[in-house]
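Colleague: I am new to this structure and would like to know what the terms rest on. Could we go through them one by one?

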Amino acid sequence: MRLFAPLLLSLSLLPLPLLAEESFDFYQQGPYRAQVPRPSVVTGYEPGTFQTPHGQIQRVLEQITTTAPDRVRLLELGQTWEYRKLYLAVISAPENLARLPQIQENLARLADPRRTSPTAAADLARTTPTVVWLNFGIHGNESASYETVQQVVYHLAASTDPAILDILKNTVIVVNTMHNPDGHERFAVWENSVAVGDPERFSLEHNEPYQIYGRLNHYRFDLNRDMLALTQPESQAVAQAVLRWHPQVFADFHGQVSTYFFPPVADPINRNLPLTTSKTWYEKFGKGNAAAFDRYGWNYYVRHIFDLYYAGYMDSWSSLNGATGMTYETDGGGPRSLNLKQDDDTILTFRQGIAKHYVAALATLQTASANREARLKDYYQFFKTGLEEGRTGPMRQIILLPAPDPDRTIQLVKNLLRKGIEVRVAGANFKSNRAHDYFDGAVKSRDFPAGAYIVNLAQPQKRLAKAHLEPDSGLDPGFVQRELERRLRNERRGNKVAKEDYEFYDITSWSLPLAQGVESYWTEDETIPNTLPVQLTGETLTGAPLLRGGIQGGRAVTAYLIPQGSTGAARLALQLLTEDFKVAVTTRTLNAGGRNWPSGTLLVRVIRNPDSLHERIATLAQTTATMVYAINSAYAETGDTGIGSENVLSLTAPRIAVVWDEDTAPTDYGAIWYTLEQEYRQKFTPLSLRALRRADLRRFNVVILPDGDPEGYAAVLGKGGIEKLKTWVQDGGTLIAQGGGAVFCTLKEVNLTTARLVGEPEDEKPGKPDQKPLSVPGAALRARLDRDHFLGYGYPSDSLAVLVHGDRFFLPSKEGANVVRFAKTVPVIAGFTWPNNTTRLLTETSYVIDEPTGQGHVILFATPPNYRSLWRTTNGIFLNALLLAPTL
């Protein structure tokens, strides 16, 4: 028996365009229930006249929920870094709300074909509403979505129009009401304080100050790029809720573009998606939106710019979770303020941007409702075919090894479990005869230890697991060919002729094991014996080997030794220094306690520390899960370096300043901020470039220049500021410069390094082929690490997978140490590189440079070492720069 009335595909759902666009009537489609207050009654103003802050939106939602409990439930989703609440509004017909647990169970069964036969799945599809997730405000300054959410929730809660009642019967609408309230609050408060409605693009209200930049969350992470690393609380909350609600449709509301965008998406599309089925649904929803927009004569575009390739966007991530994931981009509001003059001098209003999102939301609901049963059947097929592919494809098992840094591997395992990806752990040693090395692709017989983590791709989340874990996510050959043809056309054009833009939208390599520096393999083995499931409860892994720390050897008489190379060891050493304990490092192989310890081993000498050291280091060893070794004699049985050697040097606690200014990339500054404050509990001082010119730099021994505009750095600092910075380095300071900050150091007027960029004018010689690097869209390449240099301490191998991003390649320093550099041949591990350009021009260039300058150091990173908290293979070098450079 069908429980759902058929939905009439009439156009009555969407109101007729009775008024001009700028005076769009949000309340045409009544009648509305009188007890439910309009948003304007709560806020005191009409949509499009003011930016609504978080607290006001919360009040609107609460009053609608209170007055429409039969249709709306408001659920707390989580909390941001700034303690703002995240909310889901769950909206449906009363009879659906009354059986939400059963609906969730039905959808969970559809998402797991191991427990649901095709016949049972068909029965569930006939009797279960489809879940549509409307995601508002992931970018806090794309503020039309923050206004739209109020109108959509009101409309669904209050309208008694038959078309709306049909939607409520056929769907459960899960509304993420405010994805990024911290960023939005910064923007909204600033915008409301300065906006006068001036449409000129150069007007103040269209140009947020750099510290405001509400697109990003508290730590300036782009939340639409965080679904891979999954480090931020907003992202983790959404991941948990999607696993609970199992949406079949996921619409993510953004802005601002020249005209409205909705799918079909641009190429490329991630190859782990079922392409034919996915494209069919993008076309269906696109045509539904187009019909709604065409009734107003509104402009829009499709199949351009916004692709579905990078597996960390909200739309691609939700698609890899079985939904039809879509990005909607509106063309009014946000950084464009209340009014904006367009290229033909017409005025685009904030209200217009809100109206278009509102109409797109309703059109999406109409399409989903009309195709409820078919969408649910395809949802089941998504997981069923994924499971079958996992059983039959060449890549069957992915193996994550806990060594050399168990903490990093465990963080990766937690990441996977948060996404609903099943992970198991080996209970005994095992062997694979066809193990594929992630790093070099070699296939060989390999023995693996007990305690290795296993991801068997024969699981419902196969598509997401493979997209996030496979070494290379392969681009569509047709897309690549079009880019190569575009390059040829650009090369035929003169220097003064505008070039075509390339259509790579984001990085093309993101494999989590490669990016996190976890030794990994994939195998063709159908099964691996003696494995047990691993689960995550809160932050605690169950079923996995415990990551233990402590003191081996009891209370030390002479010293405690901390081996380098693990995240926990760095945390422990930095915390001891912060608390004014004395920590040292050996710069040669150290003999102590009857064995040799490598260069870079950290020492905490008992005689140089207070008696409280013993209790404190024992506590920190446990909390950081780090093994510390007690040594009871300073005598070296072999070699020339023991605990009392002159090759053991005392470390200076880092006193850190980080530049944060208009010319710095906010996402790189944010990644540094997050790494220092959340991961390593290190205090620092944010400085503007102008403050850097004035500050007493003797108060710091480390200054960090994030990625940014090198010319902007030079212009603001000026000759005096540059000379001051150079003097500070000469006197013993450590300057860490990343990306564009590193390029700043190479400028002739700066000259903080003897390194220069490939492709500078003096590098161009007659008869030489193309010497200018083309911008690389984020590819993984193999580089060589000098482990004898202090920046390389703690690394287990001299080969390193690094992210090459952009077109700035560094020629080697002539006077410094080229700590990470590319060899004469540059192997590409994963991602797109330009033929006859990228690897040729990277040959024998440098990726990390240490240039000793007087008593100090200038340390350059070609790409930020904390990139999105995703690409972390050079994070250990960054930590060595903080911990060791002020001393060595």
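Colleague: Which strands each supply at least two residues of the lining of the largest cavity?

Modeller: They are strand S34 (799-806) and strand S37 (846-853). S34 gives the largest share of that lining, three residues. Keep in mind that this is a predicted model.

Colleague: What makes a residue part of the lining of the largest cavity?

Modeller: A lining residue has an atom within 4 Å of a cavity point. Val 804, His 805, Phe 822, Leu 842 and Tyr 847 are among the residues that meet this for the largest cavity. By class the lining has seven nonpolar, four polar and one charged residues. Gly 806 is part of the lining, and Gly counts as polar.

Colleague: How many cavities of 30 Å³ or more does the structure hold?

Modeller: There are six. About 80 Å³ of space lies in the largest cavity.

Colleague: How do you know which parts of the model to read with care, and what is the mean pLDDT of the chain?

Modeller: The mean pLDDT is 94, and 96% of the residues reach 70 or more. Over residues 1-21, however, the pLDDT is below 50, although this stretch has 55 contacts beyond near neighbours in sequence. Where pLDDT is low, the predicted coordinates should not be read in detail.

Colleague: Why are S21 and S28 said to stand at the edges?

Modeller: The open sheet of six strands has the order S21-S27-S22-S26-S23-S28, with mixed pairing. Strand S21 (550-552) and strand S28 (648-650) each have a single partner strand, so one side of each is left without a neighbour in the sheet. The twist in this sheet averages 30° from one strand to the next.

Colleague: What makes S22 and S26 a pair?

Modeller: Two strands pair if there are at least two bridges between them. S22 (residues 559-562) and S26 (residues 602-605) have four, in the antiparallel sense, and therefore count as a pair. Ala 559 stands opposite Arg 605 in S26.

Colleague: Which helix packs on the sheet and touches S21, S22, S26 and S27?

Modeller: Helix H19 (residues 613-623) does, and its direction makes about 115° with that of S21.

Colleague: Which order do the strands have in the open sheet of eight strands?

Modeller: The order is S16-S15-S18-S13-S17-S14-S19-S20, with antiparallel pairing. Strand S16 (443-448) and strand S20 (540-542) stand at the edges, each with a single partner strand.

Technical notes. Residues numbered from 1 in each chain as written. Predicted model: local features only at pLDDT ≥ 70, side-chain atom pairs only at ≥ 80, totals over all residues. Heavy atoms only, no water. pLDDT = per-residue confidence, 0-100. Contact = heavy atoms within 4.5 Å. Axes fitted to C-alpha atoms, helices over the stretch in contact; angles between N-to-C directions. 1 Å grid on protein atoms, 1.4 Å probe; cavity = no way out; pocket = protein on both sides within 12 Å on 5 of 7 lines; lining within 4 Å. Points joined across faces, edges and corners; volume = space filled by probe spheres on them.
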